[in-house]
Each structure stands twice: as structure tokens, then as C-alpha cells.
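Me: Hi! I have a structure open and would like to talk it through with you. Could you start with one of the sheets?

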Amino acid sequence: MISIRKYIIVLSVLVVSCSQDQTALPHFTLHDNQEIGIDFSNDLVSTNEFNVYKYRNFYNGGGVALGDINNDNLLDIYFVSNQSTNKLYLNKGDFQFEEITESAGVGGQRAWSTGVTIVDINADGWNDIYVCNSGDLKGDNKENELFINNGDGTFTEQASKYNLNDKGYSTHATFFDYDRDGDLDVYILNNSYTAIGSFNLTKNQRPIRDELGGDKLMENRKGKFFDVSDRAGIYGSEIGFGLGVTVSDFNNDSWDDIFISNDFFERDYLYINQKDKTYKEVLTDQMHSISAASMGADAADIDNDGYTDVFVTDMLPSEYERLKTVTTFDDWNRYYKNLVNGYHHQFTRNMLHKNNGNESFSELARFAGVEASDWSWGALLFDMDNDGLKDLFIANGIYRDLTNQDYLQYIANESVMKSIINDDGVNYKELIDIIPSNKVNNHAYLNVGKFQFARAPESGLELPSFSNGSAYGDLDNDGDYDLVVNNINMPSFVFENNQNDNNYIKLILEGKDANLSAVGAKVKVSTGEETILFESYPAKGFQSSIDPRPNIGVGQAQAVDIEIIWPDGSVSAMAGVPVNQTVTAKQSEAIKAKNEEDSQDFIFLQEKGKLDYLKSENKYVDFNRERLIYHMRSNEGAGMSVGDLNGDGQNDIVIPGAKGFATKIFLQSDIGNFLNTNETTLEGLKESEHVNSALLDVDGDGDLDLYLASGGVEHSEFSAHLLDHLLINDGSGNFSLSDHKLPVAETKMSTKAIASADIDGDGDLDMFVGERVKIGKYGARCSGKILVNDGKGIFTDMTKEVSSELDNVGMITDAKFSDVDNDGDADLVICGEFMDVLFLENVNGKLERKQINTDVALKGWWNVLKIIDIEQDGDMDILAGNHGLNSRFSASEELPLKLYYSDFDNNRFPEGIVTFTSEDGKDYPYALRHNLIDQIKSLKKNYPDFESFKEADIASIFSKEQLEGADVSIANQLKSVLLINDGNWKFSSAELPEEVQYSCIYAIDAQDYDRDGDTDLLMGGNLYNVVPEMGIYDASYGHYLTNDGKGKFKSESDGSGFFVKGEIRDIKSWDDCVMVQVSGDSLITYKY
Amino acid sequence: MKRIASLLLIGLITIVGCKEESISIVECEKITSDASYFHNSLKKLTDVIVHDIFSPPVASRVYLYPCIAAYEVIASKDDNYISLAGQIKELEKIPMPKDTALVSYNLASSLAFIEVGQALIFSEDKIIDYKNELLSKMDSMGISRKVIRASHDYAIQVKEHILEWAGKDNYNETRSYPKFALSDDPSRWKPTPPSYLEGIEPHWREIRTMVIDSAQQFVPPPPPEYSLKKGADFYNLVMEVYNVVRDQTKEQKTIASFWDCNPFVMNQTGHIMYATKKITPGGHWMGITSIASKKSNADLAESIHNATWVAIGLFDGFISCWDEKYRSSLTRPETVINEHIDPDWIPTLQTPPFPEHTSGHSVISTASAVILTHLLGDKFSFTDDVEVEYGLGTRSFSSFREASEEAAISRLYGGIHYMPAIKDGVIQGEKVGNYIIEKIRTKK
């Protein structure tokens, strides 16, 4: 097996988070069903008349519900069977169960059952069972069923009496008090049955209600339910392919919000309760990346910050071989088309939406290591080991590998197909029988803190299966959660939790009015170190229903404080409650909540209208030109410059423009407004993509001249628009173009990095200019140029004379001159993509490579450098912005990323192939078979099908000679780093807050923003122009890091007002002002 | 797998080759002049093209070079035929065999076809199995092992010659040229449902032509200007497609399906998908050519001759057509109708993944029909059963042109082309076909 995961990160986090008790790994035992009296298996019969082709949710499976139906304080189990009778098992204690389906009368009568919820709907003190039904395509045998508990071990089906006999293709239903009137309302999640291929995605069908189906919010009015969806603002259209409904109070206002996960092309919905019986759907405002084929989801507070996060399942395989045989991804064009048509940023992977607590979410599944768990149905976030952190269980598996690429492209055709499709129509049974069937291990992950999860096969939960619904509950009342899983065509799983290392507190919540089980209550348990939040909603995960009694792991704490916020907002509080016991809390004894107004003093206040500038980007798709690249490099343009251009004592600003959009020079007037100047000159240069600027006095006349780097990849490699521009200042801010051909006249370069210093100590400013990328040849090595000034602003390329290190050094992104070794001259630091952070020491005007002594790997995908004295100890420290850790790419010294660059197919168009090193020591390509063949046609001969490619590593794809002829670059560090200068070219790495690693960093600014006498940081980034296969990098809203005075940084929540959506490309501050440049957006200005 | 098969074969030949008596070279030529050897090989090549999912223009290239290899072997021996060397771009005479006396040219031509075909397709195993069967069959019929080996050696010699020439047609280079870039221009082609595949072969015009001067020799008139104003030409043409599909007769639907020739149709319901694959338009006409050769009792040499003519017409036809497709880059009816007229409209045929103007089927069907008429006459009736194995019926035609006219209009019935693409495509195909007829001589 080839592993793609991020073990290194996990290990380092384990070390860091040792304050949590990590000695107790959870361990679950699978009970022998026969011994415990359970004989349930969700058996499917696929026929020519009814099968996955006729009913696309054929393999979605059934749910499982845990609830006490006879008030003996033991959880009973209700399993849903799709096609045959559902089953109810009475818990007799000590893991002994007795099937009582028939006597209880809860088997169900409908054609196809899906989800189940156990809750006391009629508030008579006895739990009822609500079963969702679907599947019956032609008939109407799919009304939902409500089994009302008669209190004597029998039930009576009364759905129509309650008006809950919904006729849609229901998946699940969740009961909660949306209007806080004291009774339980319901959200019924309905799938749609219109054929996927028949939808026109340009037509917005979202607001059009489906007459029969469609999601419904139904209000309980004295025991009868009424559809209030329209008035409440709930979508219920034919494109709502709902597979998960998750209720949670996302904004902590004690009103229930709703997250809906939708399958297929429709995006998910996030509804925020407006407290007036209506909802506002805000997903596109608050979330960026979302799952494409969203299935079950769960919401819980993962990091104990008091806000519930959301985890959503999708279909991305975690095993390399399956990734290479069952997976395809949308291409850029299709993604972009869907984006434009309102389907938002959808990607094939699980999503972990971290709730930032300020009406925004950051998607961290890749960072957390939980993005891939194959065809997943349900997720449950619950504390497996009672350490106070909620862990993650994912039930997965699809009985037929419907997306097996060989099946789609090769097997389902030819002779087989001919026998299957003939004059009599399609023989579906045969068509389905030839689809491969492979069990997949369920996935269990241990939460190790700070949004890091570790796969936990030792948990005993990772069994190969076709699993769908699952539910957790304390079946034996021993203070931990056991787990029940419903499987297709195989016996269900009942797992007993054996943990006993950690303490717990269990609560029984006694509600009031018509919500006796206090659905929607929130429990906060404080251990002194952590406050653990638990929300009580029985419907959870996929089509399932959990133990309603909060069982909260508290680690080694001996006593805890408990606060309960009841559904009506009233509060109960208990202090110093001893652990390992069950506490009953009554809503009737609660007190009214105090109104606490949070008042926060933000450091950063946004100033509107200070400078009106929109950073426009030309539309250019790099992926059209190069088939094997994952990121575009055509919107990296940034590089604002600030300085007094006209000698009036006011700072002026230069903003480089993308191709087709002129660079701007804004002169600040003495009343603080900005005037757009030099328009004619700059308009003449607008065909160049200016990606960076520098202000420097090149001709020694005392004013600032302007150097503009022309880069990007939008031009031909021979285009004159790639020449950089030098603009000479007349002293009053009027610029004229020098006829200098820069950086070198003969060869055209796409440049980006610019730095200036007096390299040779002759009193004038010399320059370094770095080449970013060879156009159309990603991976080819680029060069840096040293331009020596004659004092009059005439530059000569003296690279050869000054340094032997700059030719073919790599894809340079940034460079800075700084006296790193404190010897009075300017040394050079450069960085780049697939490059080291390189140090060149100035030795008498020559730049010599200096191997620094450091404790951290430094070959990265660097975007930006900032050199500054962080500790104020008199030497310069280095901050380097990298790709970050929230990525499907991962790299370490042991398991690096490599870029093999060569013209492998000898067609004069070289290709760069990115690989990862697996633990077996081999390098595997990220490219899927068809993507690699798209670039190198001849490989199709060697790999005629997907199966043949699934284990191919680079050494088997190419010959020894081919690989020897390839240029190999390495990346072994994707974290942004802070290198503290210890003197003598020795640097030690200092940990940055983990939030910085949530995304790519493109901009760093440093000032004493909070005016406490030390240097603080502003950082920002994100990258949206990424192939859908890898997914965009969007989890950052900018970072405000405060310095504790010793160089240790803390990420301020809410950024203390610094909160920027989008791709930050530059941050510049002066006086009391911060300007932030966001790609494709207006310039944002803050005062501090 | 491959290795085992060839080892077996060597073993087989060695054993059988020990036989005392073997058939003379003259006998061998006679046996292998049976045209079925070629038709079967062509059919096998078509099957693999279908399996490997080649797009229509690329498929025309896979047909071309094997045909030329086979034909050049025939023409090098048979005085009735004139070599194409010097007549088509940059082709030089094939080398002579090392041992002339032992080579069966008929067998060598079949093997040259197979060898070149094997080099151009991806699923080699299928072709290798076929080749080994053929060799064993020759052997089992008593043909001398030396003759088989010499003929096969010669076929490989010819293959190398042909592939070296083929390697200079810019095919490899164009694999890495930029993809078709989309824009907001409403007239510009966009990917279409359900698979939204990228535009295929945007640089096919840069492939070396065989006979026509360049891709731009027969530039058709541009399509009418994009306008959705009521009464505008373009609007009327869009509505014509819309109305034809709406009011479709059963016969029109049958015709559309019969000439669909889409190598990859994705059927999609939910997460479930399966592809149905068919021959390309070029494959259909190669099939018709075999039908016609059989009907006219053509021997192996004449069958290869006929197929080679048509393959050249297809090849140049596609280059000419693709040149215009990516010049005008016109949007498909499905896109326009969905966006502006009826969001739920679905054409009868799945829209293929490339721009609209001109219709490839119209161009290449007409070019093929012009060539076949030139070879076999204008009153040549035949029953086209090429599509039977793809679940479609047979259709009878009284002439090649009747068939090509039907293929052309089928694109309107299918809802995938406006009328000018068909009319102008037919004219473009005529020009390509007639020019080839004018330029090439194969008989003395």
C-alpha cells in the first residue's frame, strides 16, 4: 500500500499537545452479533426492474437509531433496512438484546426506508420513532412513518395524524425547536429524483419549489405539523439532493441554525436562524470550499473554542490505488462554469469547516488530514477516549465501484456491452454484475488537538465493510460511547468502547413543555483547562439518531463546572461537580440568562474610500498551456511600493497592474487623498504584466525612481512586453520611461523578485532581479541577474562577475538585501518555488553562497520573504511565506515532493511531473493516468487501462536513461517559517501559530501595530487559481500575530479587526495605515 | 502476456517449419491475394480504434498510415499500381526487401498494415493476438517458414520507413500545444453537456496534409454572424435546428442515429455512468469502402488500393474541416438553445466536443463519396451494414453520394449542426475529394 498521508505533521503535533492525555488510545471491541442477540444485515436485492441504474441511491444504505423506548435507562437499537423489515432490538443490559420488531409493530410498511430519528415527538415521556422512506419510483409507497410509543412496548403508526406522512424521497428528518416556542418542529430532508444529466446548470432552479418533494421545514402547531418552508426561506427545489441535515447553533445566539449537505452539482446550504421564524441562507458568504458530492455531515466543537465546526463527507479515496482507479476530477473549465452559475467552490473531498466565530469558516480538512476517506456516508464527531476532544468516525464503502474508470471506459463496452444492451433493452443485472465490488475500511481518527487528526486503525473500528448509517451511544452505561453501524449485505457492527483511562460526566437533560428531552440544549463542561461544548440533537451523522444523553469526556479532571443553556435560552449552572457520574438537570430549575454584550476593542479599523483602486486581473488560464501544473502563476502580481515621490513629505503609492490594466502612481495630497498621476506614461506600458515594483534613486539626484518588474505567463516567451521598465522621476513625481532594456536586453524573462542595495560599495544602488518562471515550461530553472549601477542609473548585467550562484538557480519568487551577518554590507537572501531559502554573503562586492546552519528543512514553495529584527536583538531574522499545510500536497525531509523536468516524449515541449515520495521509498506521480497521458501520449501504450497504472511509480513509468536526463527539484518544507538569527550564519526556527499554516502566505508586513514596543506581524495569502483536483487554498482571512516581546507570536482571534476575504497579494503599512491588495478586488485600507 | 504470445509463436513456427514440404511463393501469393485478409485486418484496426477511444481526426491518422504502408508494398511489386511516393507529401519510396525471392508481397502488405496499425494504436495486445493468429494460419496452411519470416521482416522494414515519415507530420508536437481557451464571447464554442469535454484537437490544422496544399486551401465561407435578434440569419438557423428536433419524424431520428459515429457517448444517471462507444465517421466510411470492394469483387490489392484512396480523403478532409472549426470556433446549437431559448432542450445526438462550423461528417463523407465514385462509378448501389454491431440497422443507397448526402443532413436531424455547416461542409468535402482525384494517379 502506498501512503500519501502526513505522518510527520501528526507526530510533531503529538509532541506539542502532550498536555492532553495521549496515553489512552481508544479501543473498541466488535461484539459477536449472535452472542448479543442481534441478527441484522441490510440485504439488497438488485433486479432488472429495480437497481442502481433505475434508482441512483440504491447503495446509500440505511440508518440506525439509539434511544430508550421503554424508559429503563438502557438504549435500544433500531436498524433501518432498505428493502425489508426494519428491526428494533430491546437492550436488556450487559450487551444482551432482544428483537421485538413484530410485537412492537415498528417494522415499517414502505418500499424503501432510509433514515430514522428517535425522539419524543408528542411529549408524553415516551420516545417515538420517525422513519423516512424513499425509493418507490412509480408508486406512492414512500410516505414517511411515525411510530408513536404507546408506553407498553407497542407502537402505533400515526404519521398522517401528525401530518408527517411526507411523500417526497426522504433521506432523514431532524426534530428541533426552530422558533423556541417550546415544542419540536421538524426539518425533512428530501432528495430529488430527476435525472442528473437532464439538468441545465445555467438555469437557477434553487428557488423553485418542487411540488412533491423538496426539503421541508414543518412547524409544530399543537401537535400537528405544517409546512412553513416558503415563509421561513428554506430551499426545496428539485436540485436539492439532500443527504445530510445538521442542526447546530453556529453563531452562538441560542437559536438553531441548519447545515444541509447536497449531493451532486448542487451546493450545500447554511441557514442562520433570524429569530423571527425565518432563516437566512448564507453559505456563500461564510464558507469557501465545500464538498462536491456532500453526504452525511456532523457539527461539533472540535477545538473547544465554544463554536461548533462542521465536518462533511465526500468520496475522495484515501488509498493511492483507489485514487488512481476510481477517481476523476472536474477540470478547470467545468469548475469555473459551475462557479459562475452559482454552485460555489465545490471539490471532491471531505470538508472540515472550522467555525471562526465571526460569521466565517475556514476549511481545514487537508490541514487536519481528514480530507480523504473514500466513498463516505456518515461522519460522527464524538469523544472516543474521553480526553475532552471530539474524535471522528466515518462510515464508508459503496457496494459497487460505480466510478471505476476501467468499467466506465473499457469493460462496460465491447462484447460485454453488446450482450447487455440489445433489442430487448438493457440487461441491467448483467451491467451491474460486472461492476467491481470492494470493501473499504471505515475510518477512525483521533483528535490530537489544534485541528490535527491521526488515523486510528488501532481503535478497532476500521473494518472493511460497506457501511452507511452509524450512531454512538453508551449502550452499557459505563460512561463512554459505544458505536453501532448499519452495513449493506453484511451483518451490522456493534462496537463496545473499552476506554477507562479518562473521566467523564454524563447528563440527563429534563426539558419542559413539549420538548421534554430538551433537544437543542447546550452543555458546557469546564475542566479548568478546557471548556467542552456539547449540543443535544438526536438526529446525527447519516440517516441516524444518537444517544440523547450527553456523555462528556473530561480527561483527568476530578471535578468540573457545568453550564446548561436550555432551548429557551435559560441557564442552569453547577460548580465543582465530581466526575464519573450521571447528573440530572431540569430545565424547570433554570434561571434566565444574563444578557452579555461582548465588547471588543479592535486594533484595526477599516477605512472606506481612502484610495479607490480595484486590482483587476486579466482572465488567463495557465492550465490551457500546461497540462501537468496544479497552480496558476498568472495572478501573483503584487509588489506595491510606498514612498515620497514628489518631495512633499507625504507618502505616495505605486500599484503594479496586471496585463491590460495600467500600473498606477497615486500621489498623496496634504489633506490625505490620493491623486492618480502619470497616466499617459503608464497607459503605454499596460500590455506588460507588472508584478512588482521598487522605488530607488537610481541616478543619485535625490528623488525616488521606479523599477517595474514585468512578469506573468500571459505573453509569448519572446514578447517585448516581458522587458522590465525603469521610470525616472523628475523630482516632482513626473516619471519618464528610460530606454534601458532590462533586466537584460537579449533574453526575455518573466521577472518578479526585485531588490536593491549598494552591492559593490561604490555609493550607488545596484539591483538584483529574479526570473520567476520560464513561460510554458513550468519546472525549468530560472536565473537571477545582478545589475550594477554606474551611478547615473545605467545598469550593466554583471551577474557573472558578482556571483556564480544565480544561473539556473530555480523559480525565484522573492529576494531581499539585508546585512544578515552584521558586517556592514548587504547580503542577499532569495527564495522560490521548489527552492531553498538561499543566502549569499557579500564578500567585497561579490555574492557567495553561504550554507547556513539551521534546524529546519528549507526547500519549499516559497512565495515571500520578510527580513526584520523580530527580537530586537540587533540582528536580522527571516520570515518566509510558504505554501502552507492545508493542501493535498505534503512534504518533509524524509518524504519530499519532487519535480521531474524533462522532455520525456521528445516532442520539444518539456514537461514537469510532480511526485511525492512514499514510505516505500518510491516516487509516485500526483497525475492521474489520463492527465499524464494527456501530456505524454505514448504512455497510453504502457498503461492501456487504469488498473495497469495504479501502482506505477516514476521509475516504472520512465526508463533509467529518461530519468537520468531529467532535472529533479525537491521540496521538503511547506510550512511558513520564522528563522531567528543566532549570529554566525546560524538560524533556529521559531514556531509560528498554526493558523498561519492554514493557507499559502503571499504577503508579510511588520509593525508595532499595538504600540507595545515590539514588532507584530500581518500576514496573508490564499490561492484560488488551482486545479479542482487539488482544491483552492482559501482558509486564511489574513493573520494578525502579536509579539510577546520575545519573538513568540500569538494569532489574535478575529484578527483584532484585520479580516480580509480573498487572495491577499500584498500588505504595506506606513504611519498609522495598512493597505492590503487583494487579487481582483478593491484595495483595502485599515487604520491602526 | 505479449512476451508469452510471441514465444509460443516462435515455438510453433520452429516446429511446423521442420516440415519437408512447403508451399511455393507463387502459391502463397495466390492464397494471400484473398481480399478478406485485408478486410479482416481493417476491421480489427477499427475495433481497437473504438476500444482505445480515438477522436475522429486522430482516428483518420490511424487509418491512413497503415493503408499507405500496405499499398506501397503492393505498388512496389504489382505493375498495375503506381506508388504514391512523390505524389503525397514527403513520402519516399519504400525500401526493397533484403531477400526479394522469399517475400510474399500480399502477405507482406497485410503484415505492414498490421505492424503500422499496432504502432499507432494503444491496446497492442489485441493487434498482436490478431497478428499471431494470422501468422499461425499461414503456417498451418503450409506456407514456408522462410517465406513467412521474410515477408514479415519486410513488413517491419516498411513499417519503419513509413513511421519515420509519419513521425514528421507534427502529430507529436501538437500534443503539447495549448488547449482551446474559453472566453465570454457568446458566439465562441463552449464545452457541452453532459461531460463538458475540452475542445479536441484545436491544432489539427498544423498536421501535415497528404495531397491538398495546406489546411487553408479550401476555406469555406464563414458561418453567419452570431445574432439572436429575431429575424437575424443566425437566429433563424438556431430555430431551424430547434424546430427540426422538436418536430422530428421517426425516419429523421433513425438517420441521425445511423450516422451518429460518436466514438464516446457518456450516459449518465446520478453517480452512475457508462460510456457507449461507436466507430468514428472515418471508420464508417472505411467500412463502406470494404463493403464496396467486396461487392465489386476486388482482390486484396484492389481492396487496399480503394481503402488507401479513401483514407487519404478522410485525412485531408479532417485537416481542412478542423482548420475552419477552430477559425470560426462557433458555438453549438445546444449551448445557444439552452442559454437563450429552452434551458431543458437536449439534442437528439450528444453534441461532440469541438466547434460547430463546418460539419466534419459532411466534409469527410462527401470527400469519401467523391473518391469512391471516382473509383467505382456513380451508380454503385450498396447496403450499409457497418453500424449493425453497434445496435443500429442497415440502410441501402443507390450511390455513394446518396449516402454522403444523408450523412450530411443527419447532423441537422441530430440537433448538433446548423444548416450552413452542412451545406458548406459538403462543398468543402467536394473540393477536397476532387482535388485529390485530380492530383493522384494510382493506375497506369
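**A sheet, then the rest**

Reply: Happy to! Chain A has an open sheet of four strands in the order S67-S66-S65-S68, with antiparallel pairing. Please keep in mind that this is a predicted model.

Me: Which strands of chain A stand at the edges of that sheet?

Reply: Those are S67 (923-925) and S68 (967-971) of chain A. Each has a single partner strand, so one side of each is left without a neighbour in the sheet. From one strand to the next, the twist averages 35°.

Me: And over how many bridges do S66 and S67 of chain A pair?

Reply: Three bridges, in the antiparallel sense, with S66(A) covering residues 911-917.

Me: Nice. Zooming out, how many helices and strands are there in chain A?

Reply: Chain A has 18 helices and 77 strands. Its radius of gyration is 31 Å, close to the 31 Å that the globule rule gives for 1088 residues, so chain A is as compact as a globular protein of that length. Along the principal axes, the C-alpha atoms of chain A fill a box of roughly 100 × 75 × 50 Å.

Me: What percentage of the residues of chain A count as buried?

Reply: 57% of the 1088 residues. As for contacts between residues of chain A at least 6 apart in sequence, 61% join residues at least 24 apart.

Me: Switching to the contact between the chains: how many residues does it take from chain A and from chain B?

Reply: The contact takes 33 residues from chain A and 33 residues from chain B. On the chain A side, the elements giving two or more residues are helices H7 (332-343), H9 (405-411), H10 (414-420) and H15 (939-942). H9(A) provides the largest share, three residues.

Me: What about nonpolar, polar and charged residues on the side of chain A that touches chain B?

Reply: That side divides into twelve nonpolar, nine polar and twelve charged residues.

Me: Over to chain B. Which residues are buried in helix H10 of chain B?

Reply: In H10(B), residues 250-258, the buried ones are B:Ile255, B:Ala256 and B:Phe258. They cover an arc of only 165° around the axis, which puts them on the same side of H10(B).

Me: What covers the buried residues of H10(B)?

Reply: The cover includes strand S4 (395-397) and helix H15 (400-413) of chain B.

Me: Is A:Asn73 buried or exposed?

Reply: A:Asn73 counts as exposed, with 12 C-beta neighbours inside 10 Å. A:Asn822 has a positive phi too, near 55°, and is found in the loop between strands S57 (811-818) and S58 (827-835) of chain A. A:Asn822 is partly exposed, with 13 other C-beta atoms within 10 Å.

Key
Residues numbered from 1 in each chain as written. Chains lettered and ligands numbered in written order. Predicted model: local features only at pLDDT ≥ 70, side-chain atom pairs only at ≥ 80, totals over all residues. Rg over C-alpha atoms; globule rule 2.2 N^0.38 Å. Buried ≥ 20, exposed ≤ 12 C-beta atoms within 10 Å, placed from the backbone. Contact = placed C-beta atoms within 7 Å. Arc of directions from axis to C-beta. Pairing = 2+ DSSP bridges. Axes fitted to C-alpha atoms, helices over the stretch in contact; angles between N-to-C directions. Nonpolar A, V, L, I, M, F, W, Y, C, P; charged D, E, K, R; others polar.
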